[in-house]
Amino acid sequence: MSSIIFSILGIYIFILIGFIAKMSFKESIDDKTITLINVYFLQIFLTFWGLLIHPVDITLLYAPSVYLVIVAMVLLISALVAKRLFEDKKEYSIATVAAIIGNTGNLGIPLNIAIFGEESIPYTTIINLMNVFVVYTIGVYYYSRGSFDVKTSLKNIVKLPILWAAVAAIILSMQGYKPNDEIMKVLMMGAYASIVMQLFLFGLYLYGTEVKEISKKLTLWIISIKFLFLPATAFLILYNIEMDSMIKGIIFLELLMPLAIANVNFASLYDCKPKIVTALVFISSVLFLGVIFAGVKVLTYL
């Protein structure tokens, strides 16, 4: 259990550094510039590194398929209900998509290693890939829809280089390509730089964000979807299918992860109330410190 706590606290250090940096230098640090550098450049390295570090095995696709089905079901219900609850276009976009974009990579992978060991890596990697697909298609579409029309939102998906980087990496992996050590070192440098920058960016947006700015209705909705409806749906589906208990546990925990910092990236990129999204990510991250222990106990029933 101590390894779980240290895994989480280690991640929060970089968030704190970003917060302190913004508090110290304020407007001298341009949040949007850092977002653009991370999304359009560094995350390409993260994508290639994550997908080429282990071969993509077609037999592993069952786990992310189940993950996608659960996410799609919750997204559909969320979109229909949120339409009636939120009149503001940007709040509706946030309410629809934020809760399904979890931190499956930066937090989910190390956390699953702490609980299940290195045997979890192939499954967490491929599930994280599925989450990347969700983030850079559905996530981009909805956050973009907060400020743009449907046609422009669809164009915004295609314009993101990380989507094409993921396609290229999958093709290379399925063709049996394995980068040499020198190439992997370069990819790893860029990948870790991207991860740290995402956490740093979260800290930047966290500074000056006031929780009271957020609609209580929006907060309650996001937290309820994230920590009640989504895990409940996941449990019902996982409980009733035949699958190795470890894989079930990995899928369940990945869906339980708090809101990903990618939410902040795209809310900032498409001007969809990034301060509010930052506060929501922060609230979910704090609550997660307690939720994870309940989640681990649920694993015994899967």
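I looked up what the buried side of helix 4 packs against: its buried residues meet helix 3, helix 6, helix 10 (216-239) and helix 13. Contact here means heavy atoms within 4.5 Å. The model is predicted: local features need pLDDT of at least 70, side-chain atom pairs count only at pLDDT 80 or more, and totals for chains, interfaces and linings use all residues. Residues are numbered from 1 along each chain as its sequence is written, and side-chain values use heavy atoms, with hydrogens and water left out.

**Helix 4**

I checked residues 89-97 and found seven of the nine buried. Buried means under 20% relative accessible area, exposed over 50%, partly exposed in between (1.4 Å probe, protein chains only). Helices are DSSP runs (H or I, at least four residues), numbered from the N terminus. The buried set is Glu91, Tyr92, Ser93, Ile94, Ala95, Thr96 and Val97. At the start of helix 4, I found a side-chain oxygen of Asp88 within 3.0 Å of the backbone nitrogen of Lys90.

**Helix 3 with helix 6**

I then took helix 3 (residues 62-85) and helix 6 (residues 121-145). Their axes lie 9 Å apart, at an angle of about 30 degrees. Axes are lines fitted to C-alpha atoms, for helices over the stretch in contact, and angles run from 0 to 180 degrees between N-to-C directions. The two helices are therefore roughly parallel (angles under 35 degrees). Helix 3 passes helix 6 in a right-handed crossing, with the near helix turned clockwise from the far one by less than a right angle.

From helix 3, I listed contact residues including Tyr67, Leu68, Val71 and Leu75. Those from helix 6 include Ile127, Met130, Asn131 and Val134. The contact residues divide into 14 nonpolar, one polar and no charged. Nonpolar covers Ala, Val, Leu, Ile, Met, Phe, Trp, Tyr, Cys and Pro; charged covers Asp, Glu, Lys and Arg; the others, Gly among them, are polar.

**Positive phi**

Lys26 has about 45 degrees. Lys26 is in the loop between helix 1 (2-25) and helix 2 (31-52). Its relative accessible area is 41%, partly exposed. Asp271 has a positive phi of about 50 degrees. Asp271 is in the loop between helix 12 (262-269) and helix 13 (274-298). Asp271 is partly exposed at 48%.

**Asn112**

Last, I checked Asn112 in helix 5 (residues 108-116). Asn112 is buried, at 0% relative accessibility. Leaving aside neighbours within four places in sequence, Asn112 touches Gly117, Ser120, Thr124, Ile250, Leu253 and Glu254.

Conventions: Parallel < 35°, antiparallel > 145°, perpendicular 65-115°, else oblique. Polar contact = N/O pair within 3.5 Å; in protein donor to acceptor, adjacent residues only side chain to side chain.
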